[in-house]
Every structure is written in C-alpha cells, then in structure tokens.
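Student: I have a new model open and want a quick tour. Can you walk me through it?

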Amino acid sequence: ETRREQLQKADDGEAKEAREAEKARKEEHARQKLLQEQLDLEEAKRLQYRTMFRTAHINVPQKTLLVEDFVALCEAQRVINLDDMACQFDISIEHVIKRIEQIEQEGRITGIIDEHTFIYVSPTEMSAIANFCHRNGKVTVTEIAKECNRLLNLNIEMSSSAT
C-alpha cells in the first residue's frame, strides 16, 4: 500500500470513530431527555396528589390537605370513623370512601372499609393475615377476625353473629 492509501484508511477509521462517538452522544442525550420527561411526569403526578383534598373552614382561607397527611393520619389513628373524617375535611362520606379507595389502588395504603369505619392495615400485617389463611387452609370469618384483632392490636369486640 502506498502512503496515501494508508493515510486515507487512517482518515476513514477516524471518521468512523467520530460518527460512532456522535451517535453514542446522541443516544445518551435522547436517553437523558426521556429520563427527565419521566421524572417531570412523576413530579406532576405527585403534585396533583398533594392537592387531592381540599377543606374549607369558617373564617379560615381554604386549606389543602396533602395526601401524605391523609396517609399519615390513617397510619397514626389506624381505626378511623368515616363520619368524623368527612366532618373534619368538610366533604361527604362517599367522597372520603372514594379517596380512600383511590389511594388504596395506588398502593399507598391498605385497609378495610365497612359502612362507617376505615381500618388501616400495614403491608406487613396484610402479609401476616394472608400467611395465616394459607397456613390454616379453610378458615371462618370469626377466626380471621380474631387473627386480625391479634395482629392489628385493635380492641374491637367480636360479634357473636360472625361466622
């Protein structure tokens, strides 16, 4: 090969490396842009949830209850009267139940809702209840209720009519 051919091959090799480096840079830029868009979307969703609850009080400007505050309330009180919660937040019981169900679907809380009460159940407790059912096979409602009462450390009287 002549010197000129060697230089041409070297130039072609450098050009190819430069194209590959540029392609890699563009791919990385696109990856970073996509990641930033995902983060922005998550932040927008988080901000949306922060304003999910609104309450109004006499002589007090409208106040926003953060979903994090709602979740913290459920975790702290564990047994919550839905009537009291509706009065506290100045919303209907149906709206309270809808919000609880929405937050449960998002996986932020777990619990049991009956006509007038929400009982918060932590993921660890929920797993323990599931293990109890798997371990014992066929169980009655009374047995599950007793196990839940024991696991959740709740002082709820067992109804003799539960079977």
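Tutor: One definition to begin. Buried means under 20% relative accessible area, exposed over 50%, and partly exposed in between, with a 1.4 Å probe and protein chains only. This is a predicted model: local features need pLDDT of at least 70, side-chain atom pairs count only at pLDDT 80 or more, and totals for chains, interfaces and linings use all residues. Residues are numbered from 1 along each chain as its sequence is written, and side-chain values use heavy atoms, with hydrogens and water left out.

Student: Is Ile112 buried, exposed or partly exposed?

Tutor: Ile112 has a relative accessible area of 40%, so it counts as partly exposed.

Student: Where is the place of Ile112?

Tutor: Ile112 belongs to strand 4. Strands (E, at least two residues) and helices (H or I, at least four) are DSSP runs, numbered from the N terminus.

Student: Leaving aside neighbours within four places in sequence, what is Ile112 in contact with?

Tutor: Thr117, Phe118, Ile119 and Val121. Contact means heavy atoms within 4.5 Å.

Student: And how far apart in space are Ile112 and Glu101?

Tutor: They are 9.9 Å apart, C-alpha to C-alpha, and 11 residues apart in sequence.

Student: How many bridges join strand 3 to strand 5?

Tutor: There are 3, and strand 5 covers residues 117-120. Val79 sits opposite Ile119, and Ile80 sits opposite Phe118.

Student: What about strand 4 and strand 5: how many bridges join them?

Tutor: Again 3, and these two strands run antiparallel. They form a hairpin with 3 residues between them. Phe118 is the bridge partner of Ile113.

Student: At roughly what angle do the axes of helix 3 and helix 4 cross?

Tutor: Roughly 100°, and the axes come within 8 Å; helix 3 is residues 82-89. That makes the two helices roughly perpendicular. Angles of 65 to 115 degrees count as that, under 35 as roughly parallel, over 145 as roughly antiparallel, and the rest as oblique.

Student: Which residues meet there?

Tutor: Leu82, Asp83, Met85 and Ala86 of helix 3 meet Ile93, Val96, Ile97 and Ile100 of helix 4. They divide into 7 nonpolar, no polar and 1 charged. Ala, Val, Leu, Ile, Met, Phe, Trp, Tyr, Cys and Pro count as nonpolar, Asp, Glu, Lys and Arg as charged, and the others, Gly among them, as polar.

Student: New topic, helix 2. Which residues in it are buried?

Tutor: Val67, Phe70, Val71, Leu73 and Cys74, in a helix spanning residues 67-77. They cover an arc of only 155° around the axis, which puts them on the same side of helix 2. The arc is that of the directions from the helix axis to the C-beta atoms.

Student: What follows helix 2?

Tutor: Arg78, with a positive phi near 65°.

Technical notes:
Two strands pair if DSSP finds at least two bridges between them. Axes are lines fitted to C-alpha atoms, for helices over the stretch in contact, and angles run from 0 to 180 degrees between N-to-C directions.
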